[in-house]
Structure formats: structure tokens, C-alpha cells
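Colleague: I would like to learn how to read salt bridges in a model. Please take me through a case.

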Amino acid sequence: MGTMTRSTWMKRAAALAIAPAAVLSVAACSDTSGSEQGADVEEIVESDTEDNEQVAEGDEAYVGTHDQSWYDDNESYVGEEVTLSADVNEVIDPTAFTIAGSDDTTVDELLIVHPENLSDVSPELTVAVTGTVKEDFDLVTVEEELGVDLDDALYEDRDGENYVHATEIDGSVASDS
């Protein structure tokens, strides 16, 4: 087998230990309610998860609306990549805006920061924001992360808030209203 480092050995052992569980979990999740002959795995998974907004896509911990469910659990997503859809509430400057909770909630707005100018973002536009949830907004830290100089006065009330450091903003999302 040659020389194998402890790290390489541990990774291989973990992969071998996980493989049977993954196969069993896929088999246990199969739905026999209809004919899936000729369908590929992607079609089956997509049809089984269309209505479940919180199913992670890829490495994302949460995919869904900025609603009460998200708000109640948002602390658990700190450090995780998420995709949130909501209406833009307020544009703070060209690199930041807030999203509002859905009409049926009383959740606080959520700050979204992005390293590039967001000229297409405007209030009431429905967006899907993909990024990492961060905690304890600190202007100096955010400026360093984004590589920009933000107006201190616009962010003085944001200290300590959770926020999303966005990597992608999609403004082509259909509105729920």
C-alpha cells in the first residue's frame, strides 16, 4: 500500500464508513408512489424536494424565504452558506441593502453586503441572495472583507447585528405577491 499518512488513512476510513450509510439512506428515502422508470436521479430528487424550501442545494445550509422559520433558526446558520429570497426593503448604499420578512411575519430586516456595486437592486425588488451568514456586524471588519470604504454614518445602528456577506444576488426571482 506504500506509505500513507495518518490524515490520508483517516480520510479513507471515514469515506468507507460513510459509504454504506449513504447507500442505505438513499434506499430508505425512495418513494414508490409512482412510476419512475426512465427518470434519472436528478429528476426524482427535484420532484421530491420542490415544495421543501429548506432543502440545501449543494453546500448551502438553508434555501428558502426570509420568514419566521428562518428568523427563528438564523443563529444556527452563522458561518454557513444560505440562499434567501425576499423583497428588498432599503438600499443603504451601492454595496448594501436590507431584505424584509414576508408579509405574514414580523421578522426584522436583514442586512446584505456585497463587494460589488449593486446598481440593479431597488426597494421592493424580489431577490435571491446567496452568501455566508455572519454575526456581530463590525464596520471595520466588513470593510476589510469587502475591500471597500463604507460611510460610517449609514452603518452606526448596525453594530452587533447578524448579516449576510453575499456572493450572488439574483434579481430575476418571481415575487410571491
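Modeller: We will go through the salt bridges and their surroundings. This is a predicted model: local features need pLDDT of at least 70, side-chain atom pairs count only at pLDDT 80 or more, and totals for chains, interfaces and linings use all residues. Residues are numbered from 1 along each chain as its sequence is written, and side-chain values use heavy atoms, with hydrogens and water left out.

Colleague: How many salt bridges does the structure hold?

Modeller: A salt bridge is a side-chain nitrogen of Lys or Arg within 4 Å of a carboxyl oxygen of Asp or Glu. The structure holds four.

Colleague: Which residues are linked in a network of salt bridges?

Modeller: Glu-90, Glu-109, Arg-158 and Glu-161. Take Arg-158 with Glu-109: their closest N and O atoms are 3.2 Å apart. This pair links distant parts of the chain, 49 residues apart. Arg-158 also meets Glu-90, at 3.9 Å, N to O. Here the separation is 68 residues. Glu-90 is in strand E2 (residues 81-93), and Arg-158 is in the loop between helix H5 (152-155) and strand E6 (163-170). Helices (H or I, at least four residues) and strands (E, at least two) are DSSP runs, numbered from the N terminus.

Colleague: Is Arg-158 buried or exposed?

Modeller: Buried means under 20% relative accessible area, exposed over 50%, partly exposed in between (1.4 Å probe, protein chains only). Arg-158 has 9%, so it counts as buried. Glu-90 is partly exposed at 36%. Glu-109, at 30%, is partly exposed.

Colleague: What does Glu-145 meet in a salt bridge?

Modeller: Lys-134, at 3.4 Å, N to O. Glu-145 lies in helix H4 and Lys-134 in strand E5, so the pair ties together parts eleven residues apart in sequence.
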